[in-house]
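Here is a friendly briefing on how one protein chain packs together. Have the viewer open and follow along.

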Amino acid sequence: MTLSRTVRSTVLTVALVSASTVVFPASAQAAPLPPACQEALLTTLDKFPVVDFTVPDKVQSGTLDEVGGLSEADQAAFTEKACAAWNSWATKNGQAVATDLDTRYRNAAGPVCNKFTTSAIATIKKYAPNVPAETRQLEKVAKKVWQNVMQKLSVEATNADCRKAYNGVKAGW
């Protein structure tokens with residue numbers, strides 16, 4: 001898996017299933033990840049086989065920065081039970097989520113940043129309520145990461161349309 005695929009996996013998961021940080025906690029966590037979290041790290045991208053959905057580079061790098069700075073309290077959300085529930089849900093629902101994302105992305109107007117925010121937030125709102133309760137602590141971390149990245153980009157994006165798109169979704173889902 002290339003770094004680009006790994007980064008895309010992180011952002012896709014953040015944007016879609018509220019458990020995003022499952023993909024990158026190893027860089028910020030001193031203790032080894034539980035086995036189910038290691039599995040999530042290795043297989044999440046494959047569970048969401050998007051074709052058209054694209055994550056802007058600035059979202060990818062911003063997410064990496066945020067995940068790399070997770071506190072110990074946030075890292076505590078990565079439990080065997082939470083990651084196992086995530087893995088099971090992602091396996092069952094990944095294709096439907098990916099199809100929904102791709103359809104929304106193709107139908108959204110504007111630059112890539114707007115297509116990303118429009119499709120991501122709509123898909124999150126559709127699927128997040130169905131993610132297992134065991135992943136709720138992961139969801140809290142994902143929301144925090146999402147909000148921080150979108151807030152930063154709503155101020156720093158060089159394109160006015162992108163600033164508007166990020167501002168419109170910075171509150172999360």
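Helices here are DSSP runs of H or I with at least four residues, strands are E runs of at least two, and both are numbered from the N terminus. This is a predicted model, in which local features need pLDDT of at least 70 and side-chain atom pairs count only at pLDDT 80 or more, while totals for chains, interfaces and linings use all residues. Residues are numbered from 1 along each chain as its sequence is written, and side-chain values use heavy atoms, with hydrogens and water left out.

**H3 with H7**

- Axes are lines fitted to C-alpha atoms, for helices over the stretch in contact, and angles run from 0 to 180 degrees between N-to-C directions.
- The H3 and H7 crossing is right-handed; that is the clockwise case, while left-handed has the near helix turned anticlockwise from the far one by less than a right angle.
- From H3 the contact draws on Lys58, Val59, Gly62, Thr63, Glu66 and Val67, and from H7 on Val145, Asn148, Val149, Met150 and Leu153; contact means heavy atoms within 4.5 Å.
- Six nonpolar, three polar and two charged residues make up the contact of H3 with H7, where Ala, Val, Leu, Ile, Met, Phe, Trp, Tyr, Cys and Pro count as nonpolar, Asp, Glu, Lys and Arg as charged, and the others, Gly among them, as polar.

- Leu64 sits in helix H3 and, at 29% relative accessibility, counts as partly exposed; the scheme calls a residue buried under 20% relative accessible area, exposed over 50% and partly exposed in between (1.4 Å probe, protein chains only).
- Leu64 and Val145 are separated by 81 residues in sequence, yet their C-alpha atoms are 9.4 Å apart in space.
- Ser71 belongs to the loop between H3 and helix H4 (72–75), and its 31% relative accessibility makes it partly exposed.
- Asp74 is part of helix H4 and counts as buried, at 13% relative accessibility.
- Leaving aside residues up to four places away in sequence, Asp74 touches Val141 and Lys144.

**H7 with H8**

- The axes of H7 and H8 lie 8 Å apart, at an angle of about 150°.
- H7 and H8 are therefore roughly antiparallel to each other, and their crossing is left-handed.
- On the H7 side, Trp146, Met150, Leu153, Ser154 and Val155 meet Arg163, Tyr166, Asn167 and Val169 of H8.
- Sorted by class, the contact of H7 with H8 holds six nonpolar, two polar and one charged residues.

**H5 with H6**

- H5 and H6 have axes that come within 9 Å and cross at roughly 140°.
- H5 and H6 are therefore oblique to each other, and H5 passes H6 in a right-handed crossing.
- Residues in this contact include Trp89, Ala96 and Asp100 of H5, along with Phe116, Ser119 and Tyr127 of H6.
- The contact of H5 with H6 divides into ten nonpolar, two polar and five charged residues.

**Nonpolar cores**

- The largest nonpolar core has 35 residues, and Phe53, Phe116, Trp146, Met150 and Tyr166 have the most contacts inside it; such a core is a set of buried Ala, Val, Leu, Ile, Met, Phe, Trp, Tyr and Cys residues joined through side-chain atoms within 4.5 Å.
- Helices H2 (35–47), H3 (57–68), H5 (80–107), H6 (112–127), H7 (136–156) and H8 (160–169) each give two or more residues to this core.
- H7 gives the most to this core, with eight residues.
- Apart from this core lies another, of eight residues, including Phe48, Trp86, Tyr127 and Val131.

**The chain overall**

- The protein chain has eight helices and zero strands.
- Of its 173 residues, 52% count as buried.
- Among contacts in the protein chain with a separation of 6 or more, 77% involve residues 24 or more positions apart.

Notes. Angles under 35 degrees count as roughly parallel, over 145 as roughly antiparallel, 65 to 115 as roughly perpendicular and the rest as oblique.
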